[in-house]
Amino acid sequence: MTERLETESRKLLSRLQATLAEAGAGQERLDRITHLIADSMGTHVCSIYLFRDADTLELCATEGLNPEAVHQTRMRVGEGLVGRVARSKRALNTADAPNTQGFRYMPETGEEVFSSFLGVPIQRLGEMLGVLVVQSRDKREYSADEVYALEVVAMVVAEMKELGAFTGEGAALAAPHKNPVMIKGTVAQEGVAMGHAYLHEPRVVVTRLVADDTEAEIAKLREVVDKLRVSVDEMLDTAQGQDKEQLQILEAYRMFANSRGWMRRMEESISSGLSAEAAVEKEQSAARARLEQVPDPYLRERLHDLDDLSNRLLRMLTGQGSETGAEIPPSPILVARNIGPGELLEYGRSLKGIILEEGSVGSHAAVVARALAIPLIVHAKRITTDALNGDLVLVDGEQGIVHLRPDDTVQAHFSDKMAMQAKAQERYASLRDKPAETLCGNVVSLQMNAGLMADLPSLPTSGAEGVGLFRTELQFLTRSKVPRRSELATVYARVLDAAEGLRVVFRTLDIGSDKVLPYMKPQDEPNPALGWRAIRVGLDKPGVMRMQLQALIRGANGRPLTVMFPFVAQLDEFTRARDALLREMDREAALGRVLPETLEIGAMLETPSLAFSPNAFFEMADFISIGGNDLKQFFFAADRENERVRRRYDTLNVSFLSFLELIVSRCRDVGTPLSFCGEDAGRPIEALCFAAMGLRTLSMRPASIGPVKHLLRRSDLREVRAVISEARATGVMTVRPAVMEWLRHQT
Ligand code: PEP
Ligand code: MG
């Protein structure tokens, strides 16, 4: 940038800064700002357009256009040149506005006489707040330096808007972070919650945007970037030999930290009058805007890396650690871009809900949230930008909707919904000690799924008759190395203590696919869900499996022990795993240890192939449990992690029900107990249909036991079976509508 422009820019920034300090209403400030910018840049027009709502921009102040148009002229995102800037989040610079694609003539503004147009986004950290425009009569394109200078100014305007400097008149001028926001995400754990936002990593707040001493600021930036480079190099040194992905991230960090373009742009921003931290933030904003438009997942990851790096730099520059000392608000709803399972466990049950900007349904965080029964929404776009610590948040884990700072009507509606659910829970509590006995006299055993010690208190309160699935992954996932045998034995013993004699089905380690251990070398597999996972890993690398089996035997310490192997696809996998367990029993006996009083060895039926295995399998297994989550994904060839397809096929699809019927009959033929422990078992209508198909044991989240029991107790399975058969006879794809219709007539 030329020196003259830099000096001008610095002068303008300090004058803008001064208007912030002056008393006055928002509109006066806006008017003054447009005047100052037009004057300083030597343009005929300067206008500020701000968002009135998510899609509409409104002309809020102008120097040079018809003043009558202020608060009258509006356009939608994408409409006209201003709308184009808002959509692309990029500067638009043209010498001949009327003949530029997208131009829309707005007669009330009187802008037809202005030929040149330069619009830049008013944004902070990728959040669009409005558009800043300068126009001139002469046909000229603004220089790159002028574009840059206007972007710097726009950043200060954004900051003023964030600080609420323009509030006071009209909804369009309301300060951000005050308006209600609704975000649609994806449900990773059902449930509803009302509470206050608690940011896992509060964003760094840059309050000092403008600085006078350019040289001192540049020196400060260089010093901190140098420190950053050293720390990245150190991280790389210590990470050598570690997993490939971590190294890749660090390499990307190093590349950015050493990028000359990045450094040059930040130094230029400082020369135009910004402080060092504001210069970093300006780059970060631009990167975030790019991020939203990059479809390639690899590039998106790299841009995220740059975002992380900018955050580090901001923390170093401002001295704000990730620990800002912000107190955890009452009824905290955790808000984060992503979170690891260990960190989530540290928060534990104190959380009322969790909202992640990224995350995935099968992430470790989701596994933990599920175990803790905390409603979790993932893919909540922009939540970390929109939420502030303490904001009121409603988490609707049924619809996958987050209401941030909801208005009174939404809040009242939501409170009613929660009250109704609480009432229903009370009703369910009264059924706690009653059996899930249907009107036709069939008793269904309802059990609970668990994965943590912390789950066990739900055993007596939920009315579950036992733990039908204890997922043992979490003890592995939340540690930095393989847990020791003695540690595991202690955990298993405590689980059995807490179960007070009720049966607990321990499922051996199910890792691979979505559940990757932090200390396990990631396998570069094209289809991890079909890859090296669960029992396949256990049989190929028997060390860990043996250790776990020993820990289970020792944990049982003379009590009954029930072990279940996951993801068995064919008979020999089961026989080999079973033999391994029996061998460990012999070894433990030889060591003089107490053996379990009884031992049951079962298998999860999660692959269609197992349903067609030889009779020997059904005879050998002491029990079989259908892992519906996996079984369904393989039956329909629809990835349970893939939002596009995961809900596409109904569990009550007649093909799937026929398949379940086949499994029920194969088990019945040889008298092998069968249960169902996937998520569907906890959905009342699904549970009812499963019971009608002959399943007599269902294992589910503790919170689902009440609703499932309630429905079962009111139903006659013979009638449900008849409804299903009739529906099937008509050739429908799914029996759901017929069952729903029947249910409607029951009440
Ligand atoms: C299942 O697949 O249904 C199951 C219970 O196992 P997980 O969800 O842990 O894969
Ligand atoms: Mg499974």
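Analyst: Arg382 counts as partly exposed because its relative accessibility is 23%, where buried means under 20% relative accessible area, exposed over 50%, and partly exposed in between, with a 1.4 Å probe and protein chains only. The model is a predicted one, in which local features require pLDDT of at least 70 and side-chain atom pairs count only at pLDDT 80 or more, whereas totals for chains, interfaces and linings use all residues. Residues are numbered from 1 along each chain as its sequence is written, chains are lettered from A and ligands numbered from 1 in the order in which they are written, and side-chain values use heavy atoms, with hydrogens and water left out.

Arg382 is placed in the loop between strand S12 (376-378) and helix H12 (383-386); helices (H or I, at least four residues) and strands (E, at least two) are DSSP runs numbered from the N terminus. Its phi is near 70 degrees, a positive value in a residue other than glycine. Most residues other than glycine have a negative phi. Arg405 also carries a positive phi, of about 45 degrees, although it is not a glycine. This arginine lies in the loop between strand S14 (401-404) and helix H13 (408-429). Arg405 has a relative accessible area of 10% and is therefore buried.

Val205 and Ala278 are 73 residues apart in sequence, with their C-alpha atoms 9.9 Å apart in space. Tyr49, in strand S1 (residues 45-51), is buried at a relative accessible area of 3%. Beyond its neighbours within four places in sequence, Tyr49 is in contact (heavy atoms within 4.5 Å) with residues including Leu57, Leu65, Met75, Ile122 and Val133. The C-alpha atoms of Tyr49 and Met75 are separated by 9.4 Å, at 26 residues apart along the chain.

Ligand 1 is surrounded by 14 residues, the closest being Arg471, Arg507, Glu606, Asn629 and Arg640; a residue is near a molecule if one of its heavy atoms lies within 4 Å of it. Strand S17 (466-471) and helix H22 (628-635) each contribute at least two residues to this shell, and H22 gives the most, with 3 residues. An oxygen atom of ligand 1 is 2.9 Å from a polar side-chain atom of Glu606. From the backbone, an N or O atom of Asn629 lies 2.7 Å from an oxygen atom of the ligand, and a polar atom of Gly628 is 3.1 Å from a ligand oxygen. The protein covers 99% of the 290 Å² of accessible area that ligand 1 has on its own, with areas taken from the Shrake-Rupley method with a 1.4 Å probe and, for residues, only the protein chains shown counting as cover.

These parts belong to a protein chain with 27 helices and 23 strands. Its C-alpha atoms fill a box of roughly 90 × 65 × 45 Å along the principal axes. Of the 747 residues, 55% count as buried. Among contacts between residues at least 6 apart in sequence, 66% join residues at least 24 apart. The accessible surface of the chain comes to about 31700 Å², 51% of it belonging to carbon and sulfur atoms.

Key
Polar contact = N/O pair within 3.5 Å; in protein donor to acceptor, adjacent residues only side chain to side chain.
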